Each structure stands twice: as C-alpha cells, then as structure tokens.
Amino acid sequence: MKAIKGKLIRGFVVLAAEWGVGCRIGPMKKCSNIFTLTDSNENTHIAHTEPLDMGVDSDTLASWLADYDRDNITIGVVASHSSLQILHGARSEGFRTLGIAVGENRRRFYQAFPGAEPDEWLMLDNYLEMMDHAEWFRERNVVIIPHGSLVEYLGSANFRELQVPTFGNRGILHWESSRERQRKWLEAGGCTMPKVLEDPHDIDGPVIVKYAGAKGGRGYFIARNYRDFRRNVDIEEEFTIQEYVLGCRYYLHFFFDPTATDGFQVQGKGANAGKNLGRLELLSMDRRDESNVDEFYKLGSLRDLREMSLEPSFVVTGNQPVVIRESLLPRAFEMAEGTVAESFELEEGARGMIGPFCLETIVTDALEFKVFEISARIVAGSNPFVGGSPYSDINEERMSTGRRIARSIRKACQNNRLEDILS
Ligand code: ATP
C-alpha cells in the first residue's frame, strides 16, 4: 500500500519540481492522517502515521450492553443526512427516538415532519460535545445510528472512539476511509474498479482527478490530456487520477444481516470457507444529481464551457430512484457477496460488514460494472425510499434502509444478539 501511495505522491513531487514549487513539499496538507511527506525532494520519504486503532473493543461493548434495558432502547441520530428516514424507520419499529442537533433552527425544522420528529432532543453547541455525553447516552440506552454527516462532524478518529454503542462495525471505517484500502478490499472481493494513472504525463483520454478528503465530488475535474490536467490541478492537494468511465451510474444499496440464516446467504472465503456468513439483501438503488455536470451539456461541449471559464463539477444536490435491468442483478449480487465475504478477511479478527452499505458503480455499454467507491453505512441515496422501493417491496412493503436498521436492532434485542450488530 505504501508503494501505491508513494507513487501517487511521486506524481505530486514530479509536478512540484517541474513547476518550481519544490519548497512546498512536506508536510502535505491533506496527508497527515495517512502518510506524511517529510524532508526535501532529495530525502522525501513516506511515513505511516495512522495508528491502526479499531476503537471500542468487544469487551467494552459487552460491558455497556450489560447495563442496557433491552426493552427500552432509544435510537439516536444526528439530525442531518438520512435522519428523517432513520427516525421514521425507528418509530415504525416502535422505538423511542433521540435527535442530536446544533442550532435551534435545525430542531425547529423537524416540526415540519411530525412522522419523524424525535421524542427527545440533545442540543449541543458543537457536535464534538457528543464525546463528553457518552455516559448520558448510555444511561438512556441509546444506540447511535451512524451516517456520513456524523462521521464528518466528529472526524473518523473521534467516531471510532465514541463511547456509545453504534449500529454496524466501526472497524470497517479504517478500510473505507482511504481510496487505496478500498481498492484492495473491493478488488479482492471481485469488483472491477476504474484504472488509476500514477503519472499525469500518461493521461491519454478522459480521466477524473479526485482530491483526497473532498466531499461529494467537490473540486473534482475532468482532464483529457496532460495540458488539461496541468491547467486545472491544485498541486497543494493530494490527488488521484482515475480513468473516466463512460456509462450510467447506479448506487446499489445493500444490507447485510449477519444474524439471519435464511435468504441469500453470503458464502465465506479464506478462514470462513464453507460457512454461511449471513443474509444479503438489496434494498434500493439511486442515482445522484450532481451539479453542474448533469446540466452543463446545455451550454455546449467541454471546450465551449471552458471558453466561458466554466468547469464541470460533481457536487451532489439530490438523489433519484432507479432500477437496473434485471439481467444485471446477478452480477450486482456477486460483487456485493464478494465484498461482504472479503470484509471478514481484511485483518485478523475482522468483524466484517454489518448492516447497510452501498456500491457506487458505473455500468458501461458493454454491460460491465465498474465500482468506483464503497460506503459502509447508510447512504443519503436511500432517502427516496422512506416508503419502500421496487426491490424491498417484493419482500416486505414500506421497508426503508432506516426501518431495516431498526428492525435489525429490534430482532437482536429479542434474540439477545445486540453484540453481533453493534460496535
Ligand atoms: P462521496 O464521498 O460523497 O461518495 P466522493 O467525493 O468520494 O463522493 P466519488 O463518489 O468518488 O466522490 O465521485 C463523485 C462523482 O464523480 C461520482 O458520483 C461520479 O459522477 C463521478 N465519478 C467518480 N469516479 C468516476 C469515474 N472513474 N468515471 C466517471 N465518473 C466518475
């Protein structure tokens, strides 16, 4: 992995040297949580600085749960992202709910949705204060449902350390949080990913340049050749250059329930070969609306746009429900099954995937999936399906991802298996 990152950063170093900005090298802005560049060009080396901290261990979790009243669990969620769906789903499954918010305006807004309005609020001045409220949460039997905004507000290191039971496996975050680790995981799981170019001079055809840590595609740009790349790149940022895959995007929302023994059972591999690991479900599918790339064609070609000093951007503004052709579903399940099976092999004692995850894909005109990212938790793309989806309705009507999470917690309470789905 070091080698891959090293080569990427070498791309930066080469460019920096070429453009006479070598003095800017090290430490790089966005790399400190992964690798740090130190020294001058001559002595540039990469140090692995991220502790492999897996957060809360199973004994700690068990000790908290020993004090929980399993008949009176409260589902807690930060009021953002997919919280309306999560709160609505929790309520549908008969749970008491807690909203966590900063700012009175945020709380007031939920009055517009009485079907999801939390039973109780925890109002904070800053989301980091959640860390100090751990005991307060545990005294109220709270299980936190993580989503993208929670991880962003707390930071992944704090989230891993939050001393409150959370739904899903927090350990998987380590694998989800870097593009290189994701690639290792997904490719080992049998997914095909877009090619990565390590040297910008090799750009020969459309590529997408992605900055590390960019959220929702902000700042990404398309380049057709080295000149294009050089004109647009911000060399102060760490970047990845990926083959631009032409095709239609589909964001596949799966759910893995390790406690279920029926349905589509994921077959284990490696140490788990021959074992059924749990049930894989397809809950829904979306496509994101991205501003402005979805609409820029109205102004002409990429060249026309650039003549107007405009660049296509990939900022997510909404989500649309979709289905894929049915003949693609077996391959979708094959990729998801491989991804789940591999999640148990990522490191010694890995607990694997638990709950919702999303494979973010592009289907080409050869009807092949390219997976460009995985999200190992509920995605906002599941929000169009508060009332169910064309896939989940087949098994049970009105089953959203948020409700499926609540159902999983309810069943685990009944069967005394909370330890198996929380971390
Ligand atoms: P998030 O973390 O919010 O999921 P992100 O910042 O990690 O987003 P990506 O999901 O990697 O960004 O990509 C953002 C968008 O860029 C995608 O939704 C898609 O439109 C486009 N995109 C990403 N990778 C490719 C690719 N290889 N080829 C074509 N388009 C791509």
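The ligand is surrounded by 21 residues, and the closest are Pro194, Gly217, Val245, Phe314 and Phe372. Helices (H or I, at least four residues) and strands (E, at least two) are DSSP runs, numbered from the N terminus. By type, the shell holds ten nonpolar, three polar and eight charged residues. Here Ala, Val, Leu, Ile, Met, Phe, Trp, Tyr, Cys and Pro count as nonpolar, Asp, Glu, Lys and Arg as charged, and the others, Gly among them, as polar.

This is a predicted model: local features need pLDDT of at least 70, side-chain atom pairs count only at pLDDT 80 or more, and totals for chains, interfaces and linings use all residues. Residues are numbered from 1 along each chain as its sequence is written.

Now step back to the whole chain. The protein chain has 14 helices and 16 strands. Of its 423 residues, 37% count as buried. A residue is buried if 20 or more other C-beta atoms lie within 10 Å of its own, exposed if 12 or fewer, and partly exposed in between, with C-beta atoms placed from the backbone. Two residues are in contact if their C-beta atoms, placed from the backbone, lie within 7 Å. Among contacts between residues at least 6 apart in sequence, 66% join residues at least 24 apart.

Four strands form an open sheet in the order β7-β10-β8-β9, with antiparallel pairing. Two strands pair if DSSP finds at least two bridges between them. The edge strands, β7 (196–197) and β9 (221–225), each pair on one side only. Inside the sheet, five bridges join β8 to β10. Val209 stands opposite Ile241 in β10.

Next, look at the loop between β10 and β11, where Leu246 sits. Is Leu246 buried or exposed? Leu246 is exposed, because 11 other C-beta atoms lie within 10 Å. Leu246 and Pro206 are 40 residues apart in sequence, yet 9.1 Å apart in space, C-alpha to C-alpha.

Val151 makes a contrast. Val151 lies in helix α6 (residues 148–154). Val151 is buried, because 20 other C-beta atoms lie within 10 Å. Leaving aside neighbours within four places in sequence, Val151 is in contact with Pro146, Ser156 and Phe159. Val151 and Leu173 are 22 residues apart in sequence and 9.5 Å apart in space, C-alpha to C-alpha.

Helix α9 (residues 179–188) also has buried residues: Arg179, Gln182, Arg183, Trp185 and Leu186. These pack against α8 (173–176), β10 (239–243), α12 (329–343) and β16 (369–375). After α9 comes Gly190, whose phi is positive, near 95°.

Finish with the nonpolar cores. A nonpolar core is a set of buried Ala, Val, Leu, Ile, Met, Phe, Trp, Tyr and Cys residues joined through C-beta atoms within 7 Å. The largest core has 69 residues, of which Phe254 and Phe256 touch the most other members. Strand β11 (residues 248–257) gives this core its largest share, six residues. Apart from it lies another core, of 13 residues, including Leu197, Tyr220, Phe221 and Phe229. What does Phe256 touch, not counting residues up to four places away in sequence? Its partners are Val266, Gly278, Leu280, Val340, Met353, Ile354, Gly355 and Phe357.

Definitions and conventions
A residue is near a molecule or strand if its C-beta atom, placed from the backbone, lies within 6 Å of it.
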